[in-house]
Each structure stands twice: as C-alpha cells, then as structure tokens.
Amino acid sequence: MTEEPSDRALCESIELQATLLGDAYGTGDTTAIDHALIRVADARTMMKNRLYELMYGDGSASLANAAPPTAT
C-alpha cells in the first residue's frame, strides 16, 4: 500500500484494515505499527459506535436531521 487509505475506506473494508496492519508490521518500524494499530482501532470504534453512519451515512443519521433541543 503506497498511500494512506481514507477513514471512510478504512471503515468500509476489513481487507484494507488487514493490509494496513500487515504493511506496517512488514516494515518492522514500531512507529508505523503503532500508527496502523491506532488507525484501525479508531475505524473499528467508529463503526461500533455508529459514528461512521453519522459521518458518512446516507444522511438519515445526520445531525442536520436531528430534532432541535427543547427549552427547559
């Protein structure tokens, strides 16, 4: 892999996650490995917490579609 994948691409593809990690481990560079682990963990957390849908979804989970706050 020559360029960093986008966050969206990383969220959508388990294969891309594996490639990013494999490439990092292949370098033997601990900084690259740490960076790859953090990127993949962040992408997986975004998916788990449904933040991915908020950021990249079809718009149904958009903050723009959220109900306005009510006065208390």
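**Close-up 1. The surroundings of Arg-39.** In this predicted model, Arg-39 touches several residues beyond its neighbours within four places in sequence: Glu-4, Pro-5, Ser-6, Asp-7, Leu-10 and Leu-20. Arg-39 itself sits in helix H3, which covers residues 30-48. With a relative accessible area of 14%, Arg-39 is buried, because buried means under 20%. As you look around this site, note that the contact list includes Glu-4 and Asp-7; both return in the views below.

**Close-up 2. Arg-39 and the backbone of Pro-5.** Here the view turns to a backbone partner. The side chain of Arg-39 comes to 2.8 Å from the backbone oxygen of Pro-5. Pro-5 is also among the residues in contact with Arg-39.

**Close-up 3. The salt bridge between Glu-4 and Arg-39.** Side chains of opposite charge can pair when their charged atoms come close. In this view, Glu-4 and Arg-39 form a salt bridge through their side chains, with an N to O distance of 2.6 Å. The two partners belong to distant parts of the chain, 35 residues apart: Glu-4 lies in the segment before helix H1 (7-12), and Arg-39 lies in helix H3.

**Close-up 4. The salt bridge between Asp-7 and Arg-39.** Arg-39 also pairs with Asp-7 in a salt bridge, where the closest N and O atoms are 3.0 Å apart. This pair again links distant parts of the chain, with Asp-7 in helix H1 and Arg-39 in helix H3, 32 residues apart. Asp-7 has a relative accessible area of 38% and so counts as partly exposed.

**Close-up 5. The salt bridge between Arg-8 and Glu-12.** This view stays within helix H1, where Arg-8 and Glu-12 both lie, 4 residues apart, or about one turn of the helix. Their side chains meet in a salt bridge, at 3.2 Å from N to O. Arg-8 is partly exposed, with a relative accessibility of 39%.

Close-up 6. How many salt bridges does a search of the whole structure find? The search finds 3. Arg-39 takes part in the bridge with Glu-4 and in the bridge with Asp-7.

Note on methods
Residues are numbered from 1 along each chain as its sequence is written. This is a predicted model: local features need pLDDT of at least 70, side-chain atom pairs count only at pLDDT 80 or more; totals for chains, interfaces and linings use all residues. Side-chain values use heavy atoms; hydrogens and water are left out. Helices (H or I, at least four residues) and strands (E, at least two) are DSSP runs, numbered from the N terminus. Buried means under 20% relative accessible area, exposed over 50%, partly exposed in between (1.4 Å probe, protein chains only). A polar contact is a pair of N or O atoms within 3.5 Å; within protein, one must be able to donate a hydrogen and the other to accept it, and residues adjacent in sequence count only if both atoms are side-chain atoms. Contact means heavy atoms within 4.5 Å. A salt bridge is a side-chain nitrogen of Lys or Arg within 4 Å of a carboxyl oxygen of Asp or Glu.
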